[in-house]
Amino acid sequence: IQGENSNLAKSLKCLKALKLVDSRYPNVVAVLTFGTALGEKANRFTKNIALKKEIVKETLFKFLNVQTPVVVLENDVEDLEVDGDFTILPDGVRQPQNLYNVCQDVLKNNGDLYGHLIFNEAFRPNNNRNMSIGFKVDAKDANKNKLSKEENEFHEFLLQAMAGRR
């Protein structure tokens, strides 16, 4: 996750080149997944996660020039303690409530009331929601599939951005 050519750096360069981050009101939250790989005991987990969070924060600031909160989640929840709808990380933090709370804080701190409203709607408990797919675009492997002119231009743009030439 460190260095100019890391996958994280390449992804961040693309985000910057696409101008997807507002430096004045950055609605950015970094998520570290598979957190318990850094330790299943509370002390080790807390120490290792703190180090990883710092590295990610520094990398995000270097490439996006924004202060970004970092949240830890564990994808493999079988061995985690369960508390209602949540699971408990080794440091006692409830997930995914930790992610929800950080996202809420970012939106509130940025004064993004519309974003706050949309975010809350996505997590509102309601069994009567009628979900449907609006517009769908299937992913293509640029190395295997023929791309349209627009897709090819975008692919080239991303390659250039990852290389830091945009």
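Is E151 buried, partly exposed or exposed? E151 is partly exposed, with a relative accessible area of 30%; buried means under 20%, exposed over 50%, and partly exposed in between, using a 1.4 Å probe and protein chains only.

Okay, a quick word on what we're looking at. This is a predicted model, where local features need pLDDT of at least 70, side-chain atom pairs count only at pLDDT 80 or more, and totals for chains, interfaces and linings use all residues. Residues are numbered from 1 along each chain as its sequence is written, and side-chain values use heavy atoms, with hydrogens and water left out.

In general, side chains of opposite charge can pair when their charged atoms come close. To count as a salt bridge, a side-chain nitrogen of Lys or Arg has to be within 4 Å of a carboxyl oxygen of Asp or Glu. The structure holds 3 of them.

E151 pairs with K140, and their closest N and O atoms are 3.0 Å apart. E151 sits in helix α5 and K140 in the loop between α4 and α5, so this pair ties together parts that are 11 residues apart in sequence. (Helices are DSSP runs of H or I with at least four residues, strands are E runs of at least two, and both are numbered from the N terminus.) K140 is partly exposed too, at 45%.

Then there's D83 with R94, where the closest N and O atoms are 2.8 Å apart. D83 is in strand β3, residues 81–83, and R94 is in strand β5, residues 94–95, so here again the linked parts are 11 residues apart in sequence. D83 comes out partly exposed at 32%, and R94 is partly exposed at 28%.

And E153 bridges to K149, with 3.8 Å between the closest N and O atoms. These two are 4 residues apart in helix α5, so about one helical turn separates them. E153 is partly exposed at 47%, while K149 is exposed at 62%.

Now, helix packing. Two packed helices are described by the angle between their axes and the distance between the axes. Here the axes are lines fitted to C-alpha atoms over the stretch in contact, and angles run from 0 to 180 degrees between N-to-C directions.

Take α3, residues 97–109, and α4, residues 113–123: their axes come within 9 Å and cross at roughly 160°. That makes α3 roughly antiparallel to α4, a label for angles over 145 degrees. Who makes the contact, meaning heavy atoms within 4.5 Å? From α3 we have Y100, C103, Q104, L107 and K108, and from α4 it's G115, H116, F119, N120 and F123. By class, that's 5 nonpolar, 4 polar and 1 charged.

The axes of α1, residues 7–17, and α2 also come within 9 Å, crossing at roughly 35°. On the α1 side, the contact uses L8, A9, L12, K13, L15 and K16, and α2 brings T59, L60, F63 and L64.

Last stop, two loop residues. T68 is in the loop between α2 (42–64) and β2 (70–72), and it counts as buried at 4%. Setting aside residues up to four places away in sequence, T68 touches V28, V29, A30, K57 and L60.

A142 is in the loop between α4 and α5 (149–162) and is partly exposed at 29%.

Note on methods. Parallel < 35°, antiparallel > 145°, perpendicular 65-115°, else oblique. Contact = heavy atoms within 4.5 Å. Nonpolar A, V, L, I, M, F, W, Y, C, P; charged D, E, K, R; others polar.
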